[in-house]
Amino acid sequence: MRHLQPKLLFILALLIFTGKSTAQNNTIIEATLEHKVDSVLSLMTLQEKIGQLNQYNGSWDVTGIPSDIDNKTKLEKLKNGDVGSMLNVLTVEATREAQSLVMEHSRLKIPLIFGYDVIHGYKTIFPTPLAESASWDLEAMKLSASIAAKEASAEGLHWTFAPMIDVSRDARWGRIMEGSGEDPFLTSAIGVARIQGFQGNDLSDPHTIAACAKHFAGYGFAESGRDYNTVNIGEHELQNVILPPFKAASDAGVATFMNAFNEIDGQPATANSYLQRTLLKGEWGFDGFVVSDWGSIAELIPHGVAKNKLEAANLAIHAGSDMDMEGRVYEDGLKTLVEQNRLDIALIDDAVKRVLRVKFRLGLFDDPYRYSNAKREKTDILTKEHLAISRDVAKKSIVLLKNEKSLLPLSKTAKNIAVIGPLANDKDSPIGNWRAQGEKNSAVSVLEGITNAMGKNANISYAKGTDLSIGERSFLAPLTLNTTDTSGFNEAITIAKHADVVLMVLGEDAFQSGEGRSQANIGFAGLQQELLEAVYAVNKNIVLVLMNGRPMEISWAADHIPAILEVWHLGSEHGNAVADVLFGDDNPSGKLPVSFPRAVGQEPFYYNQKNTGRPSANKEVTYSHHNDVSNEALFPFGYGLSYTSFKYSEVKLSSNSFHPNETVTASVDITNIGKREGKEIVQLYIRDLVGSITRPIKELKGFEIIELKPGETKTVSFKITAELLSFFTANKKWETEAGDFHIFIGSNSTVNAYSKLEFVKN
Ligand code: NOJ
């Protein structure tokens, strides 16, 4: 690439740079970039262009079912410039090797872009994305994404397939662990924070990587929570719930998008031109590229909208899918389509330009090996500093669900603690399922964490009680649960009998959630419920430490167990972070980003539901409810306790009505009425009482984290604008309708007290 015109243009741009404003400089940068992209494009043959749209899998990790191309052919294709990107090629050595095949042999030497699923850390593993979302701490999530980027880029990677910003309301869906839960506002804010963390301010900085907003769109709404299943969403649900995080990602400058495996209303997302062309590349002005999901272009055939690969390629390219991930469809199909005059070359050019743009932004044309730095590979990965940050984020992600009689925090000098459960000494599940290069069994277990915390005086007895899973655990291996072996029960019961307090560490194996790991049941798998009840029969002083990827059905435990701590899968420092909270070195402040149902039959279950025509709860039969379970969540969205307590004043509004272009301030005083310093996540909700379409009974519209000493009061204020109250109306556009709103500020989504606000248009 060294001899091409772009370099010259770059130098020219630098010369005229000085003395300009940032906006002017940005315009110059973009104009220069377009010149570079155009000049490269003008040199390319059709085959070379198609090569840029082709992504192959390497074999350094398994994140899908690889197609059966032999290695020799793959190498030849790389040398020939027939591959634009690879995924799952890792390490400085391997990325250099693959890049050199292109740089030394291909005619135009257009660098490869290496992608990988860096979902919640690279080697230093952070809490799973859902867990981390429970912190609501945008700066913390930005920081963890930036560390993931630093580690991944040190091994030669340029691009992560994250963040997943699919809103999901279904705990059965295995990939709910990979997102930010059920709320579009929270998911948007977290998605933007993660994008900023991965990409930093400058994509060409070799410590940052390109992010990917996925899966566009609707993947989190699979029927019955079954992964890859059909999605049926109405237009308003799509616009008001699913798309806002993607719009926010596009506005935040995310480099790439990934489309999705699912169909929406009969149209597979990969072949959906409204989403990819009209909206994303049209109305939203996104100028990066869209990669397909793994093989999703070829999957248009089993979906039944294409009869063969050629037709699949035709649908996908016309719909705006730019790069074919492991589908092996574009590499042959696009040329034939052009030859048959069925595909305008302008569409291929547009897709190629998008890919080149991102490669230029990453600085790959300046130095294709700039990320493959052997020194950084040794110094930048799994550092003490990264582990300390992982522990900090992990603590922030923990949610205290129940704490009767202030059983928690425990004293470090407690006489005798029994630690029981199949997950208590599990060093692997905390790493999660999307573990990138997180090493097997490398996490600090809960048992290790509390032993570290208690030191020499520790009087801890431990019994596993039962196995949760048996056999192989890996990305493509089905998980086998233990449903028969109760031989460990007696030991557990014996140590429980003699303990002052019992820590039951139960929940889900890491491989119970993630891709392809949906479940029809979301209670305790295996023999865990039986174990819990057997221990409860001899000692009721139990703290349940819940480790899981998804919201679970734990009604029995919620009724009987005095203290419950939701710790999810927290990554490398799992056990230390749990111990920090158990012993009160840290006061928990996490809040649920998803509702916990009372029964799996309530799923999909979410707080921002509609009122229905029959909302009455006056105990008649004919209103919207289940006969056998209350409509209320077991633990609602936004909920989480602290070791202290907070009192909220009434909501004060600076005005009770407002017009377009005006702002109303809603504020509340919050007082720490307990005995410890603590953090509170203050949440703003609104209700739009009458709309041109039905409106949710509550919608999150703001949040702020505050810290209060005992007795201290702080005022928290939120600005309310017309834009904040806008939605996709019956007019099929985003606008704010005149009328009455309720404004709530509280500690979770069940907050009742509100102030009235009117929006007046004339
Ligand atoms: C399939 C998953 O759906 C997607 O999220 C992931 O990025 C790709 N496989 C690549 O591993």
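Guide: A217 lies in the loop between strand 5 and helix 9 (235–242). The model is predicted, so local features need pLDDT of at least 70 and side-chain atom pairs pLDDT 80 or more, whereas totals for chains, interfaces and linings use all residues. Residues are numbered from 1 along each chain as its sequence is written, and side-chain values use heavy atoms, without hydrogens and water.

Visitor: Why is K732 placed in its accessibility class?

Guide: K732 has 47% relative accessibility and so counts as partly exposed. K732 likewise has a positive phi, of about 60°, without being a glycine, and it sits in the loop between strand 26 (727–728) and strand 27 (734–735).

Visitor: What makes the contact between E30 and R361 a salt bridge?

Guide: A salt bridge requires a side-chain nitrogen of Lys or Arg within 4 Å of a carboxyl oxygen of Asp or Glu. The side chains of E30 and R361 meet at 3.0 Å, N to O, so the pair qualifies. E30 lies in helix 2 (residues 22–43) and R361 in helix 15 (residues 345–361), so the pair ties together parts that are 331 residues apart in sequence. E30, at 31% relative accessibility, is partly exposed, as is R361 at 23%. The whole structure contains 41 salt bridges.

Visitor: How do you know whether R328 and E326 are buried or exposed?

Guide: R328 has 9% relative accessibility and so counts as buried; E326, at 5%, is therefore buried as well. The two residues form a salt bridge, their closest N and O atoms being 2.7 Å apart.

Visitor: Why does the pairing of R473 with D509 count as a salt bridge, and what does it tie together?

Guide: The closest N and O atoms of R473 and D509 are 2.9 Å apart, so the pair meets the distance rule. R473 lies in the loop between strand 14 (469–470) and strand 15 (480–481), and D509 in the loop between strand 16 (501–507) and helix 20 (528–538), so parts 36 residues apart in sequence are tied together. R473 is buried at 15% relative accessible area, and D509 is buried at 2%. Elsewhere, salt bridges that share partners join D117, R175, E178, K214 and E515 into one network.

Visitor: Why is the second largest cavity called a cavity, and what lines it?

Guide: A cavity is a set of points, on a 1 Å grid over the protein atoms alone, where a 1.4 Å probe fits but cannot get out; a pocket is an open set with protein on both sides within 12 Å along at least five of seven lines, and lining residues have an atom within 4 Å of a point. About 60 Å³ of space lies in the second largest cavity, and its lining includes I119, H120, F126, R194 and F198. Helix 6 (129–133), helix 7 (138–154) and helix 8 (184–199) each give two or more residues to that lining, and helix 7 gives the most, with 3.

Visitor: What is the volume of the largest pocket, and which residues are closest to its centre?

Guide: The largest pocket has a volume of about 1200 Å³, a volume being the space filled by probe spheres set on grid points that are joined across faces, edges and corners. Of the 35 lining residues, Y607, Q609, N631, E632 and I697 are the closest to its centre.

Methods
Helix = DSSP H or I, 4+ residues; strand = E, 2+ residues; numbered from the N terminus. Buried < 20%, exposed > 50% of the residue type's maximum accessible area, 1.4 Å probe, protein only.
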